[in-house]
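Keep the model open beside you as you read.

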Amino acid sequence: MAAGATARPSAVTVVWESVRPRSLTVAAVSSVVGTAALVPGRVVQPLIAAGCLVLALLLQAATNVLNDAEDALTGADDHGASGASLAMRRQWITPAQARLIAAALFGAAAVLGLTIALAAHRPGLLLLGLVALVAGWAYTAPPLRLAYRP
């Protein structure tokens, strides 16, 4: 075991810690506020609203995990005050494994987004979803690395 590594817990715990769960509240709150904003003028479809909430959580989680992988590879999280997930700090996963987790989460988000767009009869949502996927990926991944630009 590498210096700083601790015994690896269950896969569920590793994935949970990889997504930085405390940050998911931002995605949840914005989804709930967006749904609440519809209430005065539209009938809210509960399944679509729940799907949008899960979609926001998946996109935030995927972005967090990919951010950790890319920051580990570039050395951005090598200092003591790093924002890396517990799974990365304890070396439960490698950057390559984090990328796989992120890809799975982005994939699940894409499938759910497609399902929501079709169920809501709003094909234009597919473009919005594509932009969200690209933005999440491009946040710290090459070649754009948006987080490191002024």
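A residue counts as buried when its relative accessible area is under 20%, as exposed when that area is over 50%, and as partly exposed in between (1.4 Å probe, protein chains only). By that rule, 32% of the 150 residues of the protein are buried. Please note that this is a predicted model, in which local features need pLDDT of at least 70 and side-chain atom pairs count only at pLDDT 80 or more, while totals for chains, interfaces and linings use all residues. Residues are numbered from 1 along each chain as its sequence is written, and side-chain values use heavy atoms, with hydrogens and water left out.

**Overall fold**

- The protein has six helices and zero strands; helices (H or I, at least four residues) and strands (E, at least two) are DSSP runs, numbered from the N terminus.
- Read from the N terminus, the order of elements is α-α-α-α-α-α.
- Along the principal axes, the C-alpha atoms fill a box of roughly 55 × 35 × 25 Å.
- Taking contacts (heavy atoms within 4.5 Å) between residues at least 6 apart in sequence, 71% join residues at least 24 apart.

**Surface and charge**

- The accessible surface of the protein is about 8900 Å², and 71% of that belongs to carbon and sulfur atoms; accessible areas come from the Shrake-Rupley method with a 1.4 Å probe, and for residues only the protein chains shown count as cover.
- A nonpolar patch on the surface is formed by Leu127, Leu130, Val131, Val134, Trp137, Leu144 and Leu146, which together have about 620 Å² of accessible area.
- Patches are made of residues with over 30% relative accessible area and no salt bridge, with like charges joined within 9 Å and nonpolar side chains (Val, Leu, Ile, Met, Phe, Trp, Tyr) within 5 Å.

**Salt bridges**

- The count comes to three salt bridges, where a salt bridge is a side-chain nitrogen of Lys or Arg within 4 Å of a carboxyl oxygen of Asp or Glu.
- Arg20 and Asp68 form one of them, at 3.2 Å from N to O. Arg20 lies in the loop between helix 1 (11-18) and helix 2 (24-38) and Asp68 in helix 3 (residues 46-74), so the pair ties together parts 48 residues apart in sequence.
- Arg20 is partly exposed at 22% relative accessible area, whereas Asp68 is buried at 2%.
- Glu70 pairs with Arg99, with the closest N and O atoms 2.8 Å apart. This pair links distant parts of the chain, Arg99 in helix 5 (residues 95-119) and Glu70 in helix 3, 29 residues apart.
- Glu70 is buried, with a relative accessible area of 3%, while Arg99 is partly exposed at 38%.
- Glu70 also bridges to Arg145, where the closest N and O atoms are 4.0 Å apart. Arg145 lies in the segment after helix 6 and Glu70 in helix 3, so parts 75 residues apart in sequence are tied together.
- Salt bridges that share partners join Glu70, Arg99 and Arg145 into one network.
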